[in-house]
Amino acid sequence: MNSHLLLFCLSIISRVSSNTETCNKFETCTENETKNKYDREVNEWAQKLKQNINSALEQYVPCKTANCSCHKSIIDLDLLPFQDGITKELFDTAVSKGTKYQIINGKLYREIDCHFPARCAGVEHYLTALAPKMPNLEIAINTRDWPQVNKLWGHPKAPVFSFSKTKDYYDIMYPAWSFWEGGPAISLYPTGIGRWDKHRISISIAAEKWPWEAKQDKGFFRGSRTSEERDTLVLLSRSEPHLVDAQYTKNQAWKSDMDTLYAEPAPEVPFEEHCKFKYLFDYRGVAASFRFKHLFLCKSLVFHVGDQWLEFFYPSLKPWVHYIPISVKATEDDIKQLLIFFKENDQLASEIANRGFQHIWDHLTDKDVKCYWRRLLKKYSTLVKYDVVKDHKMKLIS
Ligand code: UDP
């Protein structure tokens, strides 16, 4: 069960519209006949959607909670290209694309310069805690938004750690710095989004304040135009404001109204206030957007657009079981149909929302993040084929 299903369903919708036109032009259907035909096909589409949700549920096997096992397969998958061993040559290629860290005799060291100090600090929070229990090792951590080693562009294979990637990259995913600090700085979070442990609490409290029945029956999105894929929803919100409230905010790159799709930038809205709405939208930005995990905490239904950009925990979330997948090609009409479907199937929507919440609540704790780092580094270190020697140009991170 995946986004192919959605494309299938959406193609039915467009067939319905084109059949309707054909009927009008050539078959001289009466208005009633056309409407009946349309209703019948939409009904079939809705039945098919329900059947497919059911079959996703039948196939779904919930994760065990122990030892971040829910995410373990991603470590195996990301390290698969390096199963023949990580040589010094491979590491030297990687280190030209990231910040060099070493763990030597239980202490963490970093090269003097860090491109984004807050992001390095977010990473170091976890690494300093783990260092005393780790074997000697060295890694190259990319703190840029985008991954570095693209298979399709012919980049030579190298073990670069990045927070997000698509399947076209060799990069090894690590838990983003923003789990602790160094996430995007907006006016509401002037020092940058971080402290996932605290957000878990504050957003889930907000979810209690706005239980499903008290939420507005509307789609919601607030964010900047880091990807034009977001335009479709913003435009739908402008034409159907009773159905969706999706508006662009300013980010640091904002120069003119063009960057907010020719509208005034909207005021920013804290995560907790997203919980007022039943349907929350997630879009990629430059890479994966940090918002995805936060949205689930509202116990609202998450619509996740596009399935290319990943963070380490995304594959543990299953389409139709925990969230609604939407193709990046979905039109305004496609999104509208889906929203109408879930408005008419309120119980189904709230069940998926609750499962999404529970999954993130149970399997994306701060302990899971630490555990993922630990398992990742341990497995990585078993693949290293050279002696890691202390680099005296590095500084000790206390
Ligand atoms: N954000 C928010 N409220 C807003 C606008 C943004 O909480 O009104 C959060 C958003 O969820 C994301 C971060 O700020 O985690 C940056 O959002 P933006 O859309 O600017 O960029 P993205 O990282 O999603 O590409």
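**Exercise 1.** Keep in mind that this is a predicted model. Work out how many bridges join strand E6 to E8, and in which sense the two run.

*Solution.* Start with the count: three bridges link E6 (residues 216-223) to E8. Next, the direction: the two strands run parallel. For a spot to look at on screen, find Gln-216, which sits opposite Phe-277 in E8.

**Exercise 2.** Now go to E9 and follow the chain there from E8: which helix does it pass through, and what is the handedness of the crossover?

*Solution.* First, the pairing: E8 and E9 (residues 301-305) are parallel too, with four bridges between them. Tyr-279 faces Leu-301 of E9 across this pairing. Then trace the link: leaving E8, the chain goes through helix H9 (residues 291-296) to reach E9, a β-α-β crossover that is right-handed.

**Exercise 3.** Is E8 mostly covered or mostly open?

*Solution.* Take residues 277-282 and use the cut-off for buried, 20 or more other C-beta atoms within 10 Å of a residue's own. Six of the six residues in E8 pass, so the strand is mostly covered.

**Exercise 4.** Describe the residues around the ligand.

*Solution.* Count the shell first: 18 residues, with Gly-223, Glu-268, Gly-285, Ser-289 and Arg-291 the closest. Then sort the shell by type: eight nonpolar, seven polar and three charged.

Notes: Residues are numbered from 1 along each chain as its sequence is written. This is a predicted model: local features need pLDDT of at least 70, side-chain atom pairs count only at pLDDT 80 or more; totals for chains, interfaces and linings use all residues. A residue is buried if 20 or more other C-beta atoms lie within 10 Å of its own, exposed if 12 or fewer, and partly exposed in between; C-beta atoms are placed from the backbone. Two strands pair if DSSP finds at least two bridges between them. A crossover is right-handed if, with the strands pointing away from the viewer, the path from the first strand over the helix to the second runs clockwise. A residue is near a molecule or strand if its C-beta atom, placed from the backbone, lies within 6 Å of it. Ala, Val, Leu, Ile, Met, Phe, Trp, Tyr, Cys and Pro count as nonpolar, Asp, Glu, Lys and Arg as charged, and the others, Gly among them, as polar.
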